[in-house]
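Please read them with the structure open.

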Amino acid sequence: MRFNYFPLSVALRHLRYGVGQSLLTIGVVAISVLLIIYLQTVIGGLQSRLIRNTTGAIAHITLEPAERAPIGAWRLPGNDPDVLYVGETVNLPKAQEKIEDWRIWVDAFDKPEAGFTAVSPVVAGTAFMFRGARRQTVRGQGVVPSRHNAIVDIESNLQGGRFLELASGEVAMGRKLARDFGVRLRDKLRLVGPQGQALSVTVGGIYDTGVGPVDDGVLFMTLRDGQSLLALGTAVSQIGLRVPDLYDADARAEDLAARVPFKVRNWIGDNPNLFRNLTSQSQTSNLILVMAVIAAGFGIASILIMSVTGKYREIGILKAMGATPQEIQPIFVVEGFLLAVLGCCAGVPLAVALLEALANVRSVGPDGKVSPVFDIEIVPSLLLGASAIAVATGAVAAWFPARRAGGVDPMQVIRGA
């Protein structure tokens with residue numbers, strides 16, 4: 001089957017002779033492509049930053065000891081070994097809440113089929129930090145550094161010292177906390193737990209994550225030191241989990257709650273307003289993208305309709321010479337397709353140049369730290385996706401004027417000429 005070059009040759013002649021209209025259409029498509037790429041990148045970067053600042057210091061899902069529910073005496077079975085007590089619910093102090101069999105659960109969550117990207121047992125509680133006559137309340141966290149770094153990225157935000165190789169008797173603290181308390185690397189500190197247990201430690205690492213709650217009040221230490229400081233023996237306070245898709249944390253937590261004997265919390269439940277704002281922002285972004293695509297489609301369609309209207313005489317002559325509607329219609333579809341492709345060829349480089357320029361914009365925060373204003377990540381799939389949307393829109397938009405051209409009556413056009 002031979003390829004019919006007739007529609008392509010005529011479409012190229014139209015584009016060449018109608019340079020003004022062609023450039024206008026290409027500009028409409030280019031701006032639409034630029035807008036799609038810009039919005040997706042900038043708004044996506046903003047969302048990533050908000051999520052990172054919110055969830056960068058916490059686990060997506062947290063397992064904590066569950067409160068014990070009261071059981072009436074009349075509901076007691078004969079000798080049920082699972083019944084621990086009868087009466088009112090007993091709320092243990094936070095420092096005494098613990099998970100004894102945490103190793104079994106950590107091993108279970110570590111398996112690939114469990115579907116978690118990070119599992120971290122944590123000992124958490126309030127302690128006093130002393131240096132000479134100075135005293136300050138801190139949130140002590142005993143962790144396995146190699147595991148917990150997948151929850152809170154400390155290692156890559158170190159200002160000095162170490163975290164992954166943190167040894168017993170060493171702590172890592174935020175730069176703000178270290179500055180406010182007047183300590184530096186290798187300085188000695190004394191920690192006192194809620195039950196009076198004392199621990200002498202050395203500052204082994206200072207970090208700056210940019211997350212306020214982590215930088216100004218958390219003291220990381222090894223899991224064993226945390227257990228000693230908070231008098232938990234070999235138990236832990238909680239188990240932190242990360243999931244591949246953080247927006248799936250709510251559903252995963254609900255499923256997990258039915259299968260584990262713990263209180264299950266997730267970042268979405270703890271930050272409902274933030275989640276609603278992010279969802280609203282995504283919907284607004286998608287609406288703007290849809291409107292940009294529609295605007296590009298109308299722009300291409302209107303310009304091509306003008307082109308069809310201005311070429312009635314030529315179309316009538318082509319039909320009088322034997323051209324069929326099936327040969328006329330592809331001319332304008334091909335023309336719309338070519339205009340969309342040329343618009344993408346102009347819009348994608350413009351979008352990349354704009355994003356690279358925005359990525360180099362820096363600002364100085366109130367803490368003196370220089371950071372990028374925009375979180376820019378140029379994703380090739382987004383460039384291809386935006387181009388595909390524009391080309392498809394151009395082809396669809398060109399179909400309507402193509403049908404109009406195919407329905408032109410050559411006798412009426414020639415008579416009116």
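Is Asp255 buried, partly exposed or exposed? Asp255 is partly exposed, at a relative accessible area of 40%; buried means under 20% relative accessible area, exposed over 50%, and partly exposed in between (1.4 Å probe, protein chains only).

1. Basis of the note. This is a predicted model, in which local features need pLDDT of at least 70 and side-chain atom pairs count only at pLDDT 80 or more, while totals for chains, interfaces and linings use all residues. Residues are numbered from 1 along each chain as its sequence is written, and side-chain values use heavy atoms, with hydrogens and water left out.

2. Salt bridges overall. The whole structure holds nine salt bridges, a salt bridge being a side-chain nitrogen of Lys or Arg within 4 Å of a carboxyl oxygen of Asp or Glu. Side chains of opposite charge can pair when their charged atoms come close.

3. Asp255 and Arg259. Asp255 pairs with Arg259 in a salt bridge, and the closest N and O atoms are 3.1 Å apart. Arg259 is exposed, at 54% relative accessibility, whereas Asp255 is partly exposed.

4. Arg147 and Asp110. In this salt bridge the closest N and O atoms are 2.4 Å apart. Arg147 belongs to helix α4 (residues 145–148) and Asp110 to helix α3, so the pair ties together parts that are 37 residues apart in sequence. Helices (H or I, at least four residues) and strands (E, at least two) are DSSP runs, numbered from the N terminus. Both partners are partly exposed: Arg147 has a relative accessibility of 25%, and Asp110 has a relative accessible area of 37%.

5. The network at Arg265. Salt bridges link Glu64, Arg265 and Asp270 in a network. Within it, the closest N and O atoms of Asp270 and Arg265 are 2.7 Å apart. Asp270 is partly exposed at 39% relative accessibility, and Arg265 is partly exposed with a relative accessible area of 28%.

6. Helix α3. Which residues of helix α3 (residues 102–110) are buried? They are Trp102, Trp105, Val106 and Phe109. These residues cover an arc of only 100° around the axis, which puts them on the same side of α3; the arc is that of the directions from the helix axis to the C-beta atoms.

7. Nonpolar surface patch. Leu287, Val290, Met291, Ile294 and Phe298 make up a nonpolar patch on the surface, and their accessible area together is about 510 Å². Patches are made of residues with over 30% relative accessible area and no salt bridge, with like charges joined within 9 Å and nonpolar side chains (Val, Leu, Ile, Met, Phe, Trp, Tyr) within 5 Å. Areas come from the Shrake-Rupley method with a 1.4 Å probe, and for residues only the protein chains shown count as cover. Leu287 sits in helix α10 (residues 272–310) and is exposed, with a relative accessible area of 53%.

8. Negative surface patch. Asp245, Asp248, Asp250 and Glu254 gather on the surface as a patch of negative charge. Lys and Arg count as positive and Asp and Glu as negative, without His and the chain ends; a charge is placed at NZ of Lys, CZ of Arg, CG of Asp or CD of Glu. Asp245 is in the loop between β9 (238–242) and α8 (249–257), where it is partly exposed at a relative accessible area of 42%.

9. Positive phi values. Most residues other than glycine have a negative phi. Arg186 has a positive phi of about 70° although it is not a glycine. Arg186 is in the loop between α5 (175–181) and β6 (188–192), and counts as exposed at 65% relative accessibility. Ala231 also has a positive phi, near 55°. The loop between α7 (223–229) and β9 holds Ala231, which is partly exposed at 29% relative accessibility.

10. Contacts across the sequence. Val293 is partly exposed, at 21% relative accessibility.
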